[in-house]
Amino acid sequence: MFALQVLSLSCDTSRCKQEPRSAPLYFSLSSEGQRPRSFLAGRFRGTKTQSYESLVHITYGTPITVGLSFNRGRFFSDGLGVHTLYAFLQDQAFEYDLQTLSFGDGSSIVYRVLVHIRRLRSAFSFSLKEFVCVRQASLFSLQKDRVYAEVKFNCSPHSRLPTSSNVYSLGHFQSHDVSAIFSSNNLTFTVLSNFTITFFVRGLLGKHILGTLEFVPWEEVQNNRRATTPSLFDALGEQSDLSVNMTHQGGLVSMVNNDFHKPNQLLSNGQSQVSKKFLFTSSNGAMYEVIALLERTCALDLSTAEDDLFSSRSHHLLQLPLSKPSDENLVYENRDIKLSSANFTDLTAGNHIEVMVDGRETFRRYYEIMMQARHSIDILAWELSLSFGLIETSEASNPGEMGLKEFSDPSRQWISLEDVILARALRGVRTRIIVWRHGLFSFMNRYLYLGSVSIEHELVKLERRAHALNLKMRILRTRDAHRVPDFNSFADPYEERNDANIVVMVVSTPHGFISSHHEKLVLIDARCPNHALAFMGGFDIARGRYDQSLHQVPSAPLSKWSVPNPHSKTKRYSGWQVQPLLRRNRFLWHDLQLLLEGPAVQRLHLHFVQRWVNCFTGSKLATTNETLSIRRRIQCDAHRGEKMSKLKPESYRDCTVRLNRAWKGIIDGHFLFNEYCRILYEAKESLYIEHQYPFQNAAISFHMCEALRRNPKLKVIIVTPVRTDLPSGVVGHVFSWSRDRMLDHLLDIYRLAPDRVGVYGLVRQHHEEGTLKSIYVHSKLVIVDNEFMVTGSANMDNNSFFYGSELTATIHQSDIAKDTRVRLLQEHLGNFFRPEMKDDFNMVFNTFRDVAKANMRVLEAGDPLIGRPVPLVPRESYEFLISKVYYPSKLSRFLHNLGVNSDFWTERAAQAVLPLIRINPIHHIRSRL
């Protein structure tokens with residue numbers, strides 16, 4: 001067991017001229033299995049240091065998360081970052097350490113928190129042995145005093161909320177009564193930190209305080225003194241034997257000075273127990289005498305005694321540094337192993353990985369791999385469109401083998417996801433789906449962009465088709481747990497007695513108004529480790545995602561595909577009906593997906609199983625206790641005779657992978673946030689970032705700025721949408737999920753090192769009309785020094801880090817990192833790409849900058865673009881681009897979703913109205929100028 005004590009907080013404004021915000025600051029301390037506690041840190045004006053007394057957090061062998069935030073009212077706060085500390089758990093010889101944690105919000109103001117971490121060697125037991133009433137408080141001797149004791153544990157004057165307490169009844173007393181207190185009264189307990197006992201008499205008109213005993217461990221007293229007198233650091237040293245400081249106060253009694261610089265030692269070094277007498281006198285003349293026994297015990301004994309209480313709690317495996325992993329840290333899994341929450345983040349070797357860029361390549365591989373499933377398909381989705389076309393029928397190999405009547409129709413153009421699910425179900429493949437039902441806020445925002453078709457409509461259609469094929473399908477919802485009689489019969493996703501071919505679980509919002517289940521995971525034959533495959537990354541199988549590397553701007557409505565160059569080998573997609581259910585205001589979509597084979601897939605399988613269990617139990621304990629035994633999952637008969645790997649020959653072999661996840665309310669500790677902080681600090685020469693919401697989180701922006709200050713050689717390229725779908729204005733500010741803040745943070749990073757930071761959007765121009773349309777960058781990718789890369793479902797925003805559920809993979813292999821960056825550069829730079837850019841990031845940085853600047857010049861002149869990159873910083877460039885890039889208004893998008901082409905009717909109205917105007921308005925304005 002370990003204790004973390006916050007000693008002081010300092011505000012450094014030397015780097016900027018602005019004053020800190022006047023809003024109060026708060027600490028947040030938490031560990032797995034414990035309720036987070038909040039402490040008032042104070043208000044800061046200018047450079048200042050604030051010390052704290054008895055601000056302590058105890059952990060039972062799990063990491064400690066320290067957070068700092070501004071308070072913005074009753075329900076909202078601005079986070080300045082979190083630090084999840086766990087290094088002390090790795091060192092068996094660890095005794096104590098002093099650390100400085102840095103926090104910030106993207107500006108130049110830095111907040112530094114000084115913390116002390118120590119291993120707990122001693123615990124303290126308190127027993128009330130005798131209670132004597134010398135003179136009672138009641139005026140009439142016929143009425144006895146009702147005496148109580150209130151015990152508060154781990155008290156701090158800075159605590160935001162009342163600390164936990166217990167109230168004990170000590171009995172009824174008259175003058176000269178003596179009562180022996182036995183253990184049956186339960187006023188015997190063992191603690192690891194400070195505690196306070198208040199004795200009081202409860203009367204008809206209220207209660208009279210007799211006195212208060214405060215017990216503080218000696219090392220906590222030392223740290224209190226350090227916080228206020230830093231010069232005592234070296235003089236105090238560290239003691240393995242602890243002492244206890246005691247003070248008592250109350251009523252008119254002359255109080256012992258409650259000064260931790262002059263503690264009254266009750267248990268001195270070497271003592272194991274002491275008996276002490278205390279005399280209390282209240283303001284109404286009552287006098288009581290208390291005899292108590294304090295004992296010192298070994299904290300390890302307490303830990304052993306509480307094993308039953310804490311053994312069921314899952315402990316996160318300590319993550320390793322991001323430097324190149326050594327062989328002894330790798331798990332090859334050529335042996336029997338039991339997977340659990342504890343070893344989910346183990347580094348695993350021997351993984352084979354295929355990288356897919358953009359929708360056409362990704363969904364084609366989805367079709368090819370899912371059609372090879374032999375016993376199971378498991379889908380975990382943020383959004384799911386079952387009618388989504390994975391591949392054109394003309395491009396599919398042997399579509400007639402699917403066994404569906406629909407494919408006898410020669411006019412059918414697409415094979416959809418529901419087609420594949422039904423076809424495999426006819427072959428005995430079971431499908432289990434977990435899909436998040438969007439909350440009100442997310443549903444309204446999604447409706448404005450992609451239309452009104454919801455998952456409920458899609459499931460009804462799938463169920464109707466399944467029943468027509470004599471397939472059994474069940475649709476379950478977490479909110480129906482008490483209304484469906486056989487709900488719990490589906491609790492095991494692979495229960496053989498459950499003969500349903502398709503089971504869909506629709507889950508509700510995990511935590512809060514804007515939180516979501518955001519993973520994008522598809523598992524194929526997960527129970528067969530030798531043949532299991534997994535898709536993970538940023539792609540949902542949903543509307544609007546289908547695109548290719550050309551990202552061609554849609555033209556006027558066409559009944560067939562537009563192929564401008566019939567001799568081209570690459571098919572160019574444009575027009576309205578690129579996909580079933582796709583509206584006219586189609587996004588140009590850019591994203592990235594991984595296909596994995598190897599030990600990492602079984603960890604992804606564990607995550608799916610735990611998500612499934614949580615749908616039925618809703619219990620954190622039951623979810624984290626769920627394990628997966630690889631020993632029982634041997635090669636199945638369905639795969640006998642097949643080749644071992646289904647990945648393409650050009651895939652990357654023997655990759656080292658570590659998975660990270662976030663899951664609000666289930667997985668404690670902000671490991672995903674820490675992962676991003678570390679990769680920013682680990683970067684030596686280059687960071688290539690493609691993200692949907694880059695640096696929307698203020699704290700991650702601060703760490704990016706700190707990395708640039710520490711490393712003058714570091715260069716950063718950030719590729720992001722010209723305009724995201726995040727809310728702006730008051731709504732975005734209220735939910736700390738704002739497009740405006742993201743732009744402000746990007747500007748802060750750019751201003752710090754404008755010659756080393758580039759922030760770019762990607763646009764395409766219609767070859768005839770000249771219309772500019774933004775390529776929506778949905779990727780979640782960071783490539784560090786061509787050495788390793790991080791990708792998955794997590795954005796760099798508050799929702800992904802702190803509120804939702806996410807999955808990411810850190811891949812330690814230079815070839816995959818380098819080749820992925822080259823593929824993306826070839827797509828984004830086109831003819832400006834040079835082979836030398838594979839190893840020269842300076843050339844990449846300069847080319848991005850030059851092409852973006854040239855595009856700005858031609859846009860200002862009204863000429864065609866020369867490439868895709870455009871600069872989003874400084875602010876003037878961003879505002880100019882927003883005015884040039886076509887982006888339908890919310891009204892236009894709403895009308896499109898209703899089936900009304902607002903652009904067409906606006907043009908018709910203009911053609912009808914302008915001839916009626918006698919004076920040409922444009923000519924009139926020009927003549928005035």
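Is R121 buried, exposed or partly exposed? In this predicted model, R121 has a relative accessible area of 36% and is therefore partly exposed, since that class falls between the 20% limit for buried and the 50% limit for exposed residues. R121 forms a salt bridge with E95, with 2.4 Å between the closest N and O atoms. R121 is placed in the loop between β9 (110-119) and β10 (122-135), and E95 in the loop between α1 (87-90) and β8 (96-103), so the contact ties together parts that are 26 residues apart in sequence. E95 is likewise partly exposed, at a relative accessible area of 34%.

The whole structure contains 27 salt bridges. One of them joins E519 to R611, with the closest N and O atoms 3.0 Å apart. Since E519 belongs to the loop between β28 (502-507) and β29 (521-524) and R611 to helix α10 (residues 599-617), the pair ties together parts that are 92 residues apart in sequence. Both E519 and R611 are buried. R611 also has a contact with an aromatic ring: the charged end of R611 sits over the ring of W663, 5.9 Å from its centre.

A further salt bridge is formed by the side chains of R658 and E675, at 3.0 Å from N to O. R658 is in strand β34 (residues 652-663) and E675 in helix α12 (residues 671-682), so this pair ties together parts that are 17 residues apart in sequence. The relative accessibility is 1% for R658, which therefore counts as buried, and 0% for E675, which is also buried. Salt bridges with shared partners connect E354, R360, R364, R365, E368 and E395 in one network.

F195 and F215 form a stacked pair, with 4.7 Å centre to centre and 15° between the planes. This pair links strand β15 (residues 195-203), which holds F195, to strand β16 (residues 206-217), which holds F215, across 20 residues. F195 is buried at 3% relative accessibility, and F215 is buried at 1%.

W414 and Y546 are edge-to-face, because their ring planes are at 80°, and planes over 60 degrees apart fall in that class. Their ring centres are 5.2 Å apart. W414 is in strand β25 (residues 414-416) and Y546 in the loop between β30 (533-537) and β31 (588-590), 132 residues apart. W414 counts as buried at 7% relative accessibility, as does Y546 at 3%. W414 and Y546 belong to one aromatic cluster with F363, Y366, F388, F535 and F539.

Notes. Residues numbered from 1 in each chain as written. Predicted model: local features only at pLDDT ≥ 70, side-chain atom pairs only at ≥ 80, totals over all residues. Heavy atoms only, no water. Phe/Tyr/Trp six-rings, centres within 6.5 Å; stacked < 30°, edge-to-face > 60°. Helix = DSSP H or I, 4+ residues; strand = E, 2+ residues; numbered from the N terminus. Buried < 20%, exposed > 50% of the residue type's maximum accessible area, 1.4 Å probe, protein only. Lys NZ or Arg CZ within 6 Å of the ring centre and 35° of its normal. Salt bridge = Lys/Arg side-chain N within 4 Å of Asp/Glu carboxyl O.
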